[in-house]
Amino acid sequence: MSLIIESLTHLGAGRANDGTLVPRTLPGEEVALRPDGTAQILMPSAKRVAAPCRHFKTCGGCALQHAADDFVADWKQTVVARALYAHGLEPEFRPMHTSPTQSRRRAKFSGRRTKSGAMVGFHARASDVLVAVPECQLVTPRLLAGIPMLEALTVIAASRRGEIALTVTDSTAGLDVLVQTDQRLTDQLRIELAGFAQHHKLSRLTWVDETVVTLRDPVQIFGPGAVTPPPGAFLQATEDGEATLRRGVMEIIGGAPKVVDLFAGCGTFSLPLAQTAEVTAVEGEATMIAALDRGWRSAKGVKRLTGITRDLFRRPLEPDELNRFDAAVIDPPRAGAAAQIATLADSQIRTVAMVSCNPVTFGRDVASLVAAGFTLNWVHVVDQFRWSPHVEMVASLTRA
Ligand SMILES: C[S@@+](CC[C@H](N)C(=O)[O-])C[C@H]1O[C@@H](n2cnc3c(N)ncnc32)[C@H](O)[C@@H]1O
C-alpha cells in the first residue's frame with residue numbers, strides 16, 4: 001500500500017495522509033513502507049536531493065539531508081511564521097541565513113570500546129547503535145580530525161560495556177574535551193590523562209566535573225573579548241550563526257547607552273555590546289558570569305560591564321530594575337522567559353532584541369510584549385543547526 005506524505009512534523013519527519021510518520025520523506029512524495037519501517041520512495045519530491053554526507057543513511061545525527069537547502073529554509077521559516085501567526089502576528093521576515101557545512105564547533109559524540117580498540121560516532125536514529133562518522137559534513141574539520149584522538153580516549157575512559165559521552169568544542173587553542181563516564185578518576189588516571197592531553201595538544205580536558213588539565217585556555221572570541229567558557233557551557237552552535245545573531249542584536253540595540261543582557265551566558269552579546277554601551281549581564285550560572293568577567297577585564301576599549309548571577313525564572317529583574325536601562329537583549333533557553341517577559345512588559349524599556357531557539361515559546365513571549373505595546377519589526381531566522389529540525393531566530397521589538 002502506498003502513502004502520500006502531506007507535511008513534516010516539528011522534528012522533520014514526513015506525516016502521511018493516514019497519519020503515519022515516515023522519517024526522511026518530503027511533502028508530496030508517494031512512498032511505500034518496507035518491513036523495517038524505512039520508506040521506499042515511489043514518487044520523489046522535486047525538492048529531494050542526494051544526501052551530501054555518505055553517513056546519512058545510517059547516522060541519526062542529521063534529519064534533513066534528503067531535502068534541498070531552499071526547501072529546508074522555507075520549512076524552518078514557516079515553522080516560525082506559524083508559531084507567530086498562532087498569536088495573530090505576521091511580521092516581516094528577513095531572508096533566512098544558513099550556516100555553511102562543516103561549521104558546527106561543538107559536538108557530543110558517543111564512544112564505546114570494541115574488541116580491537118574503540119569506536120566514536122553518533123547514534124543511528126532512535127537507536128543504541130553507534131555509527132562511525134569519519135566524513136561527517138556537519139562539524140568543523142578540526143573536530144573531525146579529533147575523532148581518532150577521541151577513540152584513544154574512549155579506550156582509557158570507557159568500561160568494557162558502557163558508553164561514554166564526549167563533548168568536544170573547537171577552539172583555536174586546541175580541542176576542549178569533556179568526558180562523561182561512570183569511571184572514577186584516580187590519581188593514576190589523572191597522570192595518564194595529563195600526558196594524553198599533552199600528546200594530543202588538547203587545550204583542556206575535563207572528566208565529568210573535574211578539569212584534569214588546562215594546557216592552553218580554550219578561548220572563544222566575543223567581539224573585543226577572549227572568553228574561556230566553563231567546560232560544556234552554552235555556546236552558539238556555529239561561529240557563523242553567532243555572527244549573524246550578533247549583527248542582528250547590535251543593529252536592534254543601536255547606540256543605546258545602557259543595556260541589560262538577560263540570559264547572557266558567557267557574553268556572546270554582552271562583550272560586543274560593551275564597545276558602545278554600559279552593559280549589565282544577567283545569567284543563572286555563576287561560572288559563566290565569572291568567565292565573562294575575566295573576558296571583560298582582558299578586553300580593550302570597552303565600557304563598564306557588570307555581571308550578575310541570578311535565576312531569572314524565579315527572580316526576574318523587576319520593572320524598577322529594568323527602568324535603569326535603555327534597551328534589553330533576551331536570549332532564554334528553550335522554555336522561554338515567561339516571568340522575565342512579564343516584567344519587561346511592565347517596565348519602561350522600549351527596545352528589545354529577542355533571541356530564541358524555540359518557535360513556540362518565542363511566539364508566546366513575543367505576543368506578551370506586543371500586548372504591552374511593542375511592535376514586532378522584523379524576524380531573522382538563522383539556521384545554525386543545518387540538516388536538523390532546530391531553528392534559531394532574532395527579532396526586533398520596539399515601542400513608542
Ligand atoms: C540560549 S543560552 C544563551 C546564552 C547567551 N546569550 C549566548 O548567546 O551565548 C541561555 C542561557 O540562559 C541561562 N539560563 C538558563 N536558565 C536560567 C535561569 N533560570 N536564569 C538565568 N539564566 C538561565 C543558561 O545558562 C544559558 O547561558
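**Reading strands, helices and cavities**

Modeller: E4 and strand E5 (residues 39–43) are antiparallel partners, joined over 4 bridges. Please keep in mind that this is a predicted model.

Colleague: Which residue stands opposite Leu33 in E5?
Modeller: Ala39 is the residue opposite Leu33.

Colleague: In the hairpin of E4 and E5, which residue takes a positive phi?
Modeller: Gly37 does, with a phi near 90 degrees, and the hairpin has 5 residues between its strands.

Colleague: What holds strands together in a sheet, in general?
Modeller: Strands of a sheet pair through backbone hydrogen bonds, in either a parallel or an antiparallel sense. Here, E4 (residues 30–33) also pairs with strand E1 (residues 2–8), in the antiparallel sense and over 3 bridges. Within that pairing, Leu3 has Val31 of E4 as its bridge partner.

Colleague: Now the sheets. In what order do the strands of the 7-stranded open sheet lie?
Modeller: The order is E9-E8-E7-E10-E11-E12-E13, and the pairing is mixed. At the edges are strand E9 (130–132) and strand E13 (210–214), each of which pairs on one side only. From one strand to the next, the twist averages 35 degrees.

Colleague: How do E8 and E9 pair?
Modeller: Strand E8 (residues 118–123) and E9 run antiparallel and share 3 bridges. Look for Gly121, whose bridge partner in E9 is Ala132.

Colleague: What is the strand order in the sheet of 8 strands?
Modeller: That open sheet reads E6-E21-E22-E20-E19-E16-E17-E18, with mixed pairing. Its edge strands, each pairing on one side only, are strand E6 (92–98) and strand E18 (305–309). Neighbouring strands of this sheet are turned against each other by 15 degrees on average, ignoring direction.

Colleague: Do strands E16 and E19 run parallel or antiparallel?
Modeller: Strand E16 (residues 258–262) and strand E19 (residues 327–330) run parallel, joined by 4 bridges.

Colleague: Let us turn to helices. What describes two packed helices?
Modeller: In general, one gives the angle between their axes and the distance between those axes. For helix H9 (residues 338–346) and helix H10 (residues 359–371), the axes come within 9 Å and cross at roughly 15 degrees. H9 therefore counts as roughly parallel to H10, because the cut-off for that class is an angle under 35 degrees.

Colleague: Is the crossing of H9 and H10 left-handed or right-handed?
Modeller: H9 passes H10 in a right-handed crossing.

Colleague: Finally, the cavities. How many are there of 30 Å³ or more?
Modeller: The count is 3 cavities. The largest cavity holds about 90 Å³ of space.

Colleague: Which residues line the largest cavity?
Modeller: The lining consists of Cys53, His55, Phe56, Cys59, Gly61, Cys62, Gln65, Phe122, Val133, Cys136, Gln137 and Leu138.

Colleague: How does that lining divide into nonpolar, polar and charged residues?
Modeller: It has 8 nonpolar residues, 4 polar and no charged ones.

Note on methods:
Residues are numbered from 1 along each chain as its sequence is written. This is a predicted model: local features need pLDDT of at least 70, side-chain atom pairs count only at pLDDT 80 or more; totals for chains, interfaces and linings use all residues. Side-chain values use heavy atoms; hydrogens and water are left out. Two strands pair if DSSP finds at least two bridges between them. Helices (H or I, at least four residues) and strands (E, at least two) are DSSP runs, numbered from the N terminus. On a 1 Å grid over the protein atoms alone, a cavity is a set of points where a 1.4 Å probe fits but cannot get out, and a pocket is an open set with protein on both sides within 12 Å along at least five of seven lines; lining residues have an atom within 4 Å of a point. Grid points are joined across faces, edges and corners, and a volume is the space filled by probe spheres set on the points. Ala, Val, Leu, Ile, Met, Phe, Trp, Tyr, Cys and Pro count as nonpolar, Asp, Glu, Lys and Arg as charged, and the others, Gly among them, as polar. Axes are lines fitted to C-alpha atoms, for helices over the stretch in contact, and angles run from 0 to 180 degrees between N-to-C directions. Angles under 35 degrees count as roughly parallel, over 145 as roughly antiparallel, 65 to 115 as roughly perpendicular and the rest as oblique. A crossing is left-handed if the near helix is turned anticlockwise from the far one by less than a right angle, and right-handed if clockwise.
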